[in-house]
Amino acid sequence: MNIAKKVLMVISLLSMSMITVACSSTQQEDNNDIKSIKVSQINEEIDKGTQVIDIREEYQYIGWDNKEGAGGHIDGSIDFPASWLDIESNFSKINIELKRREIDKSKKTVIYSNNEVDKEIYNKFKELGFTDLSILTGGFNEYVSEKLPVEKMKNYETLVHPQWVYDLVEGKNPDTFKGGEFKVVEIDFGKDKGDYNKGHIPSAITIDDSLNHIEGERILPNYDKMSDEKKFSYWNRPKDKWIKQKLEEMGITKDTTVVVYGSNTTAAARLGVVMKYAGVKDVRLLNGGKKLINSMNMPLESGVNEYKSVKDFGSDVPQNPGILIDYEEELKMVNDTKDSVIASVRSFEEYKCIKSGYTYIKDAGEIKNARFAYAGSDPYNMEDYRNIDDTMFNYNFIKQRWDKWGITSDKNISFHCGTGWRASETYFYALSMGYKDICVYDGGWYEWHLKEDSPKKEEGLPEDAPESEPNSFF
């Protein structure tokens, strides 16, 4: 080999060596960019005040397993799914969601997923302004494999997620489904059921709000010449006989597993409560409803699925009368301050007796001894209970709010609102959280304000109110 060739070979080898070193150096720099905490250290870090954020999907946080890993979460961790950064691009709204969870971007923070968080997601959280950010080495799967304590919402299975429902309709027998007949029901009370007709979960049937209540007049002056009997018939649940007939028409028996959902989660929850009152044993609420399905681009079916009726519901209705209570039962709870609590699922202005909130309710006011249970900005919104994707807000924060106002699990709790819809959504959340002695006052403030002798709360806040303004972020 001549000298020239030897020189070229040496230069080539040196170049390759330099490239290898450079690549190795770049890879090392990438790894060094991401700080990490070992699974064995995480609970000690939490005790020291490090905040830990679970960035998996909300349904995994509350307890559901999926093919990527186990359900539940590290005790003390806060939910903030990375997918929300794709749903909401407005930086200020993301900051509001962080603030709602008391997440402090200046604190030492660890984020975790099923496995290790990839750099792209890590950088997204860095861009949000977290100044001391680490990942959990091995993720939640390694945490579980080490048999460390896992927290789950007690009855998380009450709130199903989209994939669970799609697995159900595809005959895959999803976790916690006990087999047998099932129905997926979308509530759509818009004009000509347009939302349902635009696309729905495969095999889903639909219903308007006729099972939810007896719809009444919405214009207040029309009530002036109306009989009391007619006034009191409005806005409450339908007659028991009619509820039974309607469920049979829809093909639902007491043993049918029913999943309720819609674009309006409050309406879906009200439908579910009426079904549970009637005696349907297994009613599930789709957490996040149609908004979450659409954000996940789940396949929808067109066309209308007709009802296939059954001959008999299988029992008398109601089987669970204590779920939807009436005036006399509510009155007993109002007077039983030792063992019962009246939970007002209304806006703060409604609770303080400033606004009635409805075009057909004349008087602003509130039920005596009622405690503020949070709700939303007006009678038709539930922001205090919802995440960006319409799923249920962090259940530990909900419990903290209720505890503060004396709405505690050792009491018999009656939830009410204006006409029983918002209270029904809250009922499902309380049920999912493991509260046992809970019910919905069906008549709500509408019925209570019509009763001349009904005891009413004084305007404003009670003397022992734990806060002068709600911790709300509308």
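The model is predicted: local features need pLDDT of at least 70, side-chain atom pairs count only at pLDDT 80 or more, and totals for chains, interfaces and linings use all residues. Residues are numbered from 1 along each chain as its sequence is written, and side-chain values use heavy atoms, without hydrogens or water.

**Exercise 1. Find the buried and the exposed residues of helix α2, and say what covers the buried ones.**

Step 1. Buried means under 20% relative accessible area, exposed over 50%, and partly exposed in between (1.4 Å probe, protein chains only). Helices (H or I, at least four residues) and strands (E, at least two) are DSSP runs, numbered from the N terminus.

Step 2. List the buried residues. Helix α2 spans residues 39–47, and its buried residues are Val39, Ile42, Glu45 and Ile46. They sit on the same side of α2 because they cover an arc of only 95° around the axis. The arc is taken over the directions from the helix axis to the C-beta atoms.

Step 3. Turn to the other side of α2. Ser40 and Asp47 are exposed there.

Step 4. Look for the cover. Contact means heavy atoms within 4.5 Å. The cover over the buried residues of α2 includes strands β1 (35–37), β2 (51–54), β3 (73–74), β5 (108–112) and β6 (132–136), plus helix α7 (139–145).

Step 5. Leave the helix. Gly49 follows α2 and has a positive phi, near 105°.

**Exercise 2. Which strands are the edges of the open five-stranded sheet?**

Step 1. Write the order. It is β13-β17-β16-β14-β15, with parallel pairing. Two strands pair if DSSP finds at least two bridges between them.

Step 2. Pick the edges. β13 (324–325) and β15 (370–372) each pair on one side only.

Step 3. Check one pair. β14 (residues 340–344) and β15 run parallel over three bridges. Ser344 has Phe372 of β15 as its bridge partner.

**Exercise 3. Describe the largest nonpolar core and a core apart from it.**

Step 1. Define it. A nonpolar core is a set of buried Ala, Val, Leu, Ile, Met, Phe, Trp, Tyr and Cys residues joined through side-chain atoms within 4.5 Å. In soluble globular proteins, nonpolar side chains tend to be buried together.

Step 2. Take the largest core. It has 122 residues, and Phe125, Met275 and Trp402 have the most contacts inside it. Helix α12 (residues 265–278) gives the most to this core, with nine residues.

Step 3. Inspect Trp402. Leaving out residues up to four places away in sequence, Trp402 touches Ala373, Tyr385, Ile407, Phe415, Thr426, Ala430, Met433 and Tyr435.

**Exercise 4. Asn369 and Tyr374 each have a positive phi. Is each buried, partly exposed or exposed?**

Step 1. Take Asn369. It is not a glycine, yet its phi is about 70°. It lies in the loop between α15 (348–351) and β15. Its relative accessible area is 33%, so Asn369 is partly exposed.

Step 2. Take Tyr374. Its phi is also positive, about 70°, and it is not a glycine. It lies in the loop between β15 and α16 (395–404). At 1% relative accessibility, Tyr374 is buried.

**Exercise 5. Where is the cis peptide bond between Val317 and Pro318?**

Step 1. Read omega. It is about 10°.
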